[in-house]
Amino acid sequence: MLINAYCTHRNPPALEFPHDLIGSRDLSDPELAEHLNGLIGFIMQGGEREMTQTLYHVYRHIERVKNHLSLEVEDDHLDAFASWAWDANAIVFLPDGSVCDPNGNVLVSPEDGGSDPEAQVPYPEDAHHRKQAISQDLSDLKLQPYEGLPPVIGENEVDLRSAKEVARRAIALMAVAVRAEGLASGEPIPVAEIRERLPQAFEVFTPVEQAFMDNDSPDQQSVINHAWRYECLFVLQWALGHFDELHFPSAICDVPEVAGDILHRDRDEMIAEAKLRPTKEILDEVDLHFRLHWIARQADQKGHPAPAGLDIGVIQERRVALNWLIRFENADWDDVDCPT
């Protein structure tokens, strides 16, 4: 049987069963990204198919694919292949056009997009455990996220931004936030003064940030948006180990403390010596804020106050920083999305 396996594992285990390998590639092959986009278009029928829970999980899986293998496996060895595919966190595409889980259960039928009741989209074991643990912690707080929300990315899938990139992004956020704060208070700080204090920021501004800094009179919404970036900055400082914990998102960060942490450091040294905290700790916060965001959005859509004092603005900004950290959808800073 000809099988195309789409693995989210960065380093899939060895193929220790009889097979004929037709080809393999990872994201270093520029054609793989285009191929994956085509696969998404195929399973979604160009956007014509109604989104279901299973389709959503498959869609997100394909976005996270790190390796694509094409191989032929005899029927006698399909059980061994299935074991490998679960370990590689792979879904499979078969010659009949069906997308299946490692056991061959149909996740996406080529006819109608339907799935077998027993089909399961694979997720790494640590991602499942993280979801279960955080869901239980939230339940203890009388907070109930939707059970159908998927696990977030696992440790063997994620490719975090480099520590130096995170440090530079933190300094850029400090620059735009402090300018926005000054404009909002009616006491604007000259851009030349910000450049003198934070020259590293001006090397890494995004197009949106550069436009904000270049505009002598930015509109009110732009000022508000960039003032909120203190919350993103706080997350990146935490990821760099500047702060010990992220408090429960029911209140904004301590802005003077957050700003002081950047201003009182040697910024060149901060970049050169930057280190990220353990990946597990970062992914715990990714999962927690994903579920809290769903809870807060549900309350907001119903016109109810968010439970437990959740601040949806704080959660939104934290998720921007966290999703950028984990390269969610491989988006650049200006394009980071935070779906629930």
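Helix H5 (residues 163-185) contains 23 residues and extends 33 Å from its first C-alpha to its last, close to the 33 Å expected at 1.5 Å a residue (the expected span being 1.5 Å times one less than the number of residues). The model is a predicted one, in which local features require pLDDT of at least 70 and side-chain atom pairs count only at pLDDT 80 or more, whereas totals for chains, interfaces and linings use all residues. Residues are numbered from 1 along each chain as its sequence is written, and side-chain values use heavy atoms, with hydrogens and water left out. Helices (H or I, at least four residues) and strands (E, at least two) are DSSP runs, numbered from the N terminus.

H5 packs against helix H9 (residues 229-239) at an angle of about 155°, the axes lying 9 Å apart; axes are lines fitted to C-alpha atoms, for helices over the stretch in contact, and angles run from 0 to 180 degrees between N-to-C directions. H5 is therefore roughly antiparallel to H9 (angles under 35 degrees count as roughly parallel, over 145 as roughly antiparallel, 65 to 115 as roughly perpendicular and the rest as oblique). On the H5 side, the contact (heavy atoms within 4.5 Å) involves Val-166, Arg-169, Ala-170, Leu-173, Met-174, Val-176, Ala-177, Val-178 and Glu-181. H9 contributes Arg-229, Tyr-230, Cys-232, Leu-233 and Leu-236. By class, eleven residues of the contact between H5 and H9 are nonpolar, none is polar and three are charged; Ala, Val, Leu, Ile, Met, Phe, Trp, Tyr, Cys and Pro count as nonpolar, Asp, Glu, Lys and Arg as charged, and the others, Gly among them, as polar.

From H4, the contact draws on Arg-130, Lys-131, Ile-134, Ser-135 and Leu-138. The H12 residues are Lys-280, Leu-283, Asp-284, Asp-287, Leu-288, Arg-291 and Leu-292. Five residues of the contact of H4 with H12 are nonpolar, one is polar and six are charged. The 23 residues of H12 should span 33 Å at 1.5 Å a residue, which agrees with the 33 Å between its end C-alpha atoms. Gly-303, which follows H12, has a positive phi near 75°.

The strands form an open sheet of six, ordered E2-E3-E1-E4-E5-E6, with antiparallel pairing (two strands pair if DSSP finds at least two bridges between them). Strand E2 (20-26) and strand E6 (106-108) stand at the edges with a single partner strand each, so one side of each lacks a neighbour in the sheet. Strands E1 (residues 2-7) and E4 (residues 90-93) run antiparallel and are joined by four bridges, and Tyr-6 has Ile-91 in E4 as its bridge partner. Two bridges connect E4 to the antiparallel strand E5 (residues 99-100), where Val-99 stands opposite Phe-93. Five residues separate E4 and E5 in a hairpin, and Gly-97 in the turn has a positive phi of about 90°. Helix H1 (residues 30-43) lies across E1, E2, strand E3 (67-72), E4, E5 and E6, and runs at about 105° to E2.
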